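Here is a friendly briefing to read alongside the model. Keep the viewer open and follow the points one by one.

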Amino acid sequence: MTVLVTGAAGFIGFHTCRRLLERGERVVGIDNLNTYYDPALKRSRLAVLGEKPGFVFHMVDIADRAAMAEVAKANPDITRYINLAAQAGVRHSLNAPFDYTHSNVEGLLVLLEMARANDKCEHVVYASSSSVYGTNTKLPFSVEDRVDTPISLYAATKRAGELMSHAYSHLFRIPTTGLRFFTVYGPWGRPDMAAYLFAKAILADQPIRVFNNGDMRRDFTYIDDIVAGVIGVLDNPPKDAAGVPPYHLYNIGNNNSEHLMDFIGLIEQSLGRKAIYQFEPMQPGDVKETYADISAIQRDVGFAPTTPISVGIPRFIDWFKAHHGV
Ligand SMILES: NC(=O)c1ccc[n+]([C@@H]2O[C@H](COP(=O)([O-])OP(=O)(O)OC[C@H]3O[C@@H](n4cnc5c(N)ncnc54)[C@H](O)[C@@H]3O)[C@@H](O)[C@H]2O)c1
């Protein structure tokens, strides 16, 4: 089987490609290696993937229709798609809004068109985000809940992606599955996310910025659990039943809402150093708490996260220290 994975040089894309290659699939990786964060980390991830047989890489922007058509032409054996390329980050969407519509809306549309033109397409899996729940207060967040009140452009583009995918599943009977990720962390993680930012600052004796005075909760999900879920879903495309489009949408989280201060405490413990706290108010666009109801993905593909933060954080810190030669 040949799987096209976009965002292959990104955090979740890298781990997903690696797992697919380990089980013997051919993987066509796409990434534009943009500079939202240090592309050297993206290149290091690609170097690991490049050592494995079955991996080909195209440095392409997913919103570039002509370039994506070339990728399709060069790889006529693609049957499945995993779209992880995106402009991520809630806070950055306040400053660079067009990066979000470009990659998350236009880019996903190009991918859906690519799948539409491929009569061998079996499944399109794409990343959404827990941020679509916006100011919802009913916990845990369920895919049955209404999500009509995004509070960041990032969330709005992710919701748009879900709606566009539904339209393509309905119109063209393309099996699509959206995954609402909940704060993913682990080795090879993103430098703009909390675990990385905190570890870096603590080791440099710099203060860490803690928003909403530390009164935040997140459903932190360890990367290996996420990848197991992504691939489990990939292998279970939604069925095309009469009158119902082949469309699924799942939360993929740890089903555990952890207090931010406990998360920081584990980072301190793993590093053997105390943080200097700089408490700050809530950031615009951010939500106070996320908590995933994962019963749908549990029921349909047997997804069962197994890594609590007490196990995942030390693993992340081990990688961080090795990667930075600490
Ligand atoms: N990490 C999380 O906690 C989290 C939470 C919710 C949702 N998500 C979503 O999961 C997906 C993967 O996130 P990640 O954490 O791996 O992020 P990431 O930034 O590490 O990976 C995204 C990759 O996509 C690439 N990319 C961006 N725009 C592109 C474009 N137009 N064309 C080609 N490549 C492009 C980037 O260079 C990057 O390597 C994203 O869709 C993100 O929105 C992640």
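Let's begin with a helix pair: the axes of helix H6 (residues 194-203) and helix H8 (residues 260-271) come within 10 Å and cross at roughly 45°. That angle makes H6 oblique to H8, since angles under 35 degrees count as roughly parallel, over 145 as roughly antiparallel, 65 to 115 as roughly perpendicular and the rest as oblique. This is a predicted model, in which local features need pLDDT of at least 70 and side-chain atom pairs count only at pLDDT 80 or more, while totals for chains, interfaces and linings use all residues. Residues are numbered from 1 along each chain as its sequence is written, and side-chain values use heavy atoms, with hydrogens and water left out.

**Terms for the helix pairs**

- Helices (H or I, at least four residues) and strands (E, at least two) are DSSP runs, numbered from the N terminus.
- Axes are lines fitted to C-alpha atoms, for helices over the stretch in contact, and angles run from 0 to 180 degrees between N-to-C directions.

**H6 and H8**

- On the H6 side, Ala 194, Ala 195, Phe 198, Ala 199, Ile 202 and Leu 203 meet Leu 260, Phe 263, Ile 264, Ile 267, Glu 268 and Leu 271 of H8, where contact means heavy atoms within 4.5 Å.
- The residues of this contact divide into eleven nonpolar, no polar and one charged (Ala, Val, Leu, Ile, Met, Phe, Trp, Tyr, Cys and Pro count as nonpolar, Asp, Glu, Lys and Arg as charged, and the others, Gly among them, as polar).

**H4 and H5**

- Helix H4 (residues 97-116) packs with helix H5 (residues 153-172) at an angle of about 15°, and their axes are 9 Å apart.
- That makes H4 roughly parallel to H5.
- The crossing of H4 past H5 is right-handed.
- Residues making the contact include Tyr 100, Leu 108 and Arg 116 of H4, and Tyr 154, Lys 158 and Phe 172 of H5.
- By type, the residues of the contact of H4 with H5 are twelve nonpolar, five polar and three charged.

**H1 and H7**

- Helix H1 (residues 11-22) and helix H7 (residues 223-234) have axes that come within 10 Å and cross at roughly 60°.
- H1 also makes a right-handed crossing, here past H7.
- Among the residues that meet are Phe 11, His 15 and Arg 19 in H1 and Ile 223, Asp 224 and Leu 234 in H7.
- The contact of H1 with H7 has ten nonpolar, two polar and two charged residues.

**Around the ligand**

- Of the 29 residues around the ligand, Asp 31, Tyr 37, Tyr 154, Lys 158 and Val 184 come nearest (a residue is near if one of its heavy atoms lies within 4 Å).
- A backbone N or O atom of Gly 10 is 3.2 Å from an oxygen atom of the ligand.
- For Asn 32, a backbone N or O atom lies 3.1 Å from a nitrogen atom of the ligand.
- A polar backbone atom of Leu 84 is 3.4 Å from an oxygen atom of the ligand.

**Backbone details in the loops**

- The peptide bond from Leu 139 to Pro 140 is cis, with omega near -10°, and Pro 140 lies in the loop between strand S5 (123-129) and H5.
- Asp 205 is not a glycine, yet has a positive phi of about 55°; Asp 205 is in the loop between H6 and strand S8 (207-211).
- Asn 212, not a glycine either, has a positive phi of about 50°, and its place is in the loop between S8 and strand S9 (217-218).

How values were computed: Left-handed = near helix turned anticlockwise from the far one by under 90°. Polar contact = N/O pair within 3.5 Å; in protein donor to acceptor, adjacent residues only side chain to side chain.
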